[in-house]
Amino acid sequence: MGLIGTSVKRVEDKRFITGQGRYTDDIKLPGMTYACMVRSPHAHAKINSINTAAAAAMPGVVRIFTGTDEGISGIGVPCGWQVNFKNGETMKEPPHPLLVSDKARHMGDAVAMVVAESYAEAKDAAELVQIDWEVLPAVTDAKAAMADGAALVHDDVPNNLAFDWELGSDKAAVDAAIANAHHVTTLEFTNQRLVANAIEPRSAIGHFDSAYDKYTLYTSTQNPHLTRLLLCAFVLGIPEHKVRVVGPDVGGGFGSKIFHYTEEALVTVASKALNRPVKWTAERQESFLTDAHGRDHVTKCDMAFDAEGNITALRSRTYANLGAYLSTFAPAVPTYLHGTLLQGLYKTPLVHVDVNGVFTHTTAVDAYRGAGRPEATYLIERLIDTAALEMDMDPAELRFQNFIEPFDGVEEPGFQTQVALQYDSGNYHPVLEKALSMAGYEDFRAEQKAARENGNGKLLGIGFSTYIEACGIAPSAVVGALGARAGLFESAQVRVQPTGKVSVYTGSHSHGQGHETTFAQVVADKFGIPLEDVEIVHGDSDSVAFGMGTYGSRSLAVGGSAIVKSIEKVIEKGTKIAAHKLECAEADLEFADGKWTVKGSDKSIAFGDVSLTAYVPHDYPEGLEPGLDFSSFYDPANFTYPFGAHIAIVEIDKETGKVTLKRFIAVDDVGNVINPMIVDGQIHGGLAQGIGQAICEGTIFDESGQLLNGTYMDYVMPRADDLPSFETARTTTPCPHNPLGVKGAGEAGCIGATPAVVNAVMDALAPYGIHDIQMPVTSQKVWNIING
Amino acid sequence: MIPNKFSYHRPNDVNEAIQMLQTHGDDCKLLAGGHSLLPVLRNRLNDPEHIIDISGLSELQGIKDNEKSVTIGAGTTHGEIARSTILQQHAPMYAIAAAKIGDIQVRNFGTIGGSIAHADPAADWPGVLLASNASIVIKNSGGTREVDVDQFFMGLFMTAVQDGEIITAIRVPKTAFNRNSTYVKFPQPASRFAIVGCAAAVAKEGGQVTEARVAFNGVSSKPYRDTGIENGLKGQALSADSIAAATANIADGVSVMSDHFASEKYRRHLAGVYARRALGTL
């Protein structure tokens, strides 16, 4: 059929674009009640008292829950990743209560939950919950939070330090190399805090069914099984077989829906207490205040060179803002997903990274598209462009010179970095060569020179970014050694129905990625059957055996590999049945185009005839079980390592400082590709988010911890008219260790784009002699630079 | 994002709407396109007990080509204005400004009367009305009065409309300066309201400016005409030099707003840039 590698149109889109998608908030259950959270308007404030009497008397109110209620008091959500201090002590892990009763630690911290017959009634009543607040000083900046005397987020966490951590080469050797270098480029970075802004706000419905003594939690999540595991084993202590978690259609996650949130536990608890379903759906302002935020690093980083331009060492020191509580994977993001990527694509012999994870009176920070890797790439790629400028070298040539030489991971071993990882396969020169060719680099430099000379009011700039990322997260044993409190395998069941139609149950979860199309392409291709004969089922813990969910560009590399394992088991058993029916040896058969054929003959049996035989086993191999249904678990041998080269070309209006992105060229190598159109879509979306960080996005907190831009009137999202038509291309370096040779494409755009854009702005501003600007690169900032 | 409870009224004509306004006094708000009112209600920044929906009233609809003026019904949407060939001919800055408001859905719902009644200083209409020397037709129980635009915008969210009154139309005079007019803006990147919006209208005779009207929204908490620019251009040929000279003391004496998108200094500078860009096309 040749479906692998074909741009099949997305089968799920019909329901999405005709308004038939079924999201959590679309689900209405008999007797349903509605919850409205009462949230702290303060970043840090002691609760002297909570008076719910007036609210409880309001029409329609069913019950008001507070943090001192039985079943809620003393219960909190856990962190799923443990990082240890340099001295070996366990990280500080203060409780994250379902509802706070002592004090609020960030704006939006939930204090009470009002449940009523309608959401409007719940909201009206929530406004009448009276809380006597004693407002306390707040700290929102990670570096400031570590200072002696800074306001403490948790009384028993000195200096607000959750952990300190280091990784890499011998620190003394790195320091010496930098001290003795021919040239050192040093920059201080603020990788600003971003809001994920999924179009579907978080939503959760708790439903306790007293007939079966069983809970169902419908929730807008990227990983229903992990949510169930955490909810059962670590939060509520209820048996796992008594909880079903369903993640139905989900309107985007970008990381923010990986995590287990307090509201999920609250509606679950309340549904049993009330014996009625309880729905909570975030308002947009709640999304801004309570969805885990991303990034928020402050870093000082040095890159050292010898006289020939070879990088001799890299050293970084980062303050990572974790927010008020440790979200599910928060400790992993600035450490094992960030520090481990500081090798980049370069041969750098010495790398050292140092990270402080710090609590502040802000919304929790966790993985957001790219999660640690964009921050790492930003440091390396800003530094190398700046170094080229400082050393008067060409930024592309400086990269070529320092690239790791090609290795396929089969004949040549993987590349061992200074920061724990071993790259699987890589061939880095071609992506940059291709991108330069697409950009018409030499012509651009000529045009830029002419524009600088005639001074026509426009400043032109070109910026590069050559990135690597670690995807397909990843071997359970490895991540376990790094602190993960869960495995990171994936499961898949391939059930061939008697008629030859196939149902696939995957532990991956699609919330925009198009799994219902790409996974079906793999299955239809391998079985030689039509695409429409394959159904992909996901997101329901009662249907799917187990799953670790979708994030870290892992679905195809890990989840897809589990599907392939089950496909292979089906074909192996089908071969036994076919050999019996065709009266030949198994070795005489070949399986292709949906049938088993006796080699060198025209005798064959179709896939559907074999599946029917498996379920109607009248004439059947002796000793073989009936049925054609296999489950597999796949635990990969390594992460996958996609890479690429991005080039941004910008034009700056000298009079206003406005940056216009004229062109964006992205050459990515994501290994083998199942559906080029979907990969392009993933790259485009990632680029938009990466460019958004560069030019417009970012939270603004005031000194008291108020989020000043928590609405779309003030928080600047990138829009279609901010973006050029992207020019994308690919090279293909297959992953050597998974059966499809795929590496993952979900985050690439978001990782590569940001430094390319900022580098282009810096290139355009080079005549002004400045070497740095902090994101987002707004018109006002650029104008201020131009005007001294 | 759910408003407080309110009673919803749908009058049959403007007179009935005025009666309802008188009956309910301070506790009511008029609803036209809803693009100013609904965000306020949904964020619970205001909780009127009565909403009077005037969006369907035919008296408020349409753009009419009269002998000496063009009248725009207060209930006319931004989208209709953007597409109006009458305005494209007699006062193109109206069509140009309308096309810069929000997105297609906003333009097809939001109305010019609703926008100017709300009087957000960063909205796009105030500058255009000021530059065009428009008048605002207002109806009350006693009849109709017409307010010159220079007396209409009183300040932040404040206008000359009194209790019990409804804006019914905007009257745009047919003049030489309106036929040669434009609107430019530097949008706030999130809301796309104006950080600086500049409407300019210039009449010329024999290559010399006989009358110029230049007005700004977004710059100050009250939209304003820059008479310094207007007088500076009078009698001049419109050139880069004369425009530069006339805009040299941009926003002189004006209390310029400041926020995290644009400081006072940057906003003042942008006002000059956009004044020059607007005038440069006329």
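In the predicted model, Ala766(A) is classed as partly exposed because 14 C-beta neighbours lie inside 10 Å, a count that falls between the limit of 12 or fewer for an exposed residue and that of 20 or more for a buried one. Ala766(A) belongs to the loop that links helix 18 and helix 19 of chain A. Its C-alpha atom is separated by 33 Å from that of Thr417(A), a residue 349 positions away along the chain.

When residues up to four places away in sequence are not counted, Val114(A) touches Ala35(A), Cys36(A), Val38(A), Ala55(A), Val61(A), Ile64(A), Ala122(A), Ala125(A), Ala126(A) and Val129(A).

The contact between the chains draws 16 residues from chain A and 13 residues from chain B. On the side of chain A that touches chain B, helix 3 (119-126) and helix 19 (779-786) each supply at least two residues, and helix 3 gives the most, with three residues. By class, this side of chain A consists of nine nonpolar, two polar and five charged residues.

Within chain A, helix 11 (residues 429-439) has Val431(A), Leu432(A), Ala435(A), Leu436(A) and Ala439(A) as buried residues. These residues lie on the same side of helix 11 of chain A, because they cover an arc of only 130 degrees around the axis. In general, an α-helix has 3.6 residues a turn, so residues three or four places apart point the same way. The elements of chain A that cover the buried residues of helix 11 include helix 10 (395-402), helix 12 (441-454), strand 18 (458-468), strand 26 (643-653) and strand 27 (659-669). Just after helix 11 of chain A, Gly440(A) adopts a positive phi of about 65 degrees.

In chain B, three strands are arranged as an open sheet in the order 1-3-2, with parallel pairing. From one strand to the next, the twist averages 25 degrees. Four bridges connect strand 2 of chain B with strand 3 (residues 50-53) of chain B in the parallel sense, and Leu31(B) stands opposite Asp53(B) of strand 3. Helix 1 of chain B, formed by residues 14-24, lies across strand 1, strand 2 and strand 3 of chain B and runs at about 170 degrees to strand 3.

Strand 10 of chain B (residues 166-173) is mostly covered, six of its eight residues being buried. An antiparallel pairing joins strand 10 of chain B to strand 5 (residues 69-73) of chain B through five bridges, and here Pro173(B) is the bridge partner of Ser69(B). Strand 6 (residues 135-140) of chain B also runs antiparallel to strand 10 of chain B and is joined to it by five bridges. In that pairing, Lys139(B) has Ile166(B) of strand 10 as its bridge partner.

Methods
Residues are numbered from 1 along each chain as its sequence is written. Chains are lettered from A and ligands numbered from 1 in the order in which they are written. This is a predicted model: local features need pLDDT of at least 70, side-chain atom pairs count only at pLDDT 80 or more; totals for chains, interfaces and linings use all residues. Two residues are in contact if their C-beta atoms, placed from the backbone, lie within 7 Å. Ala, Val, Leu, Ile, Met, Phe, Trp, Tyr, Cys and Pro count as nonpolar, Asp, Glu, Lys and Arg as charged, and the others, Gly among them, as polar. The arc is that of the directions from the helix axis to the C-beta atoms. Two strands pair if DSSP finds at least two bridges between them. Axes are lines fitted to C-alpha atoms, for helices over the stretch in contact, and angles run from 0 to 180 degrees between N-to-C directions.
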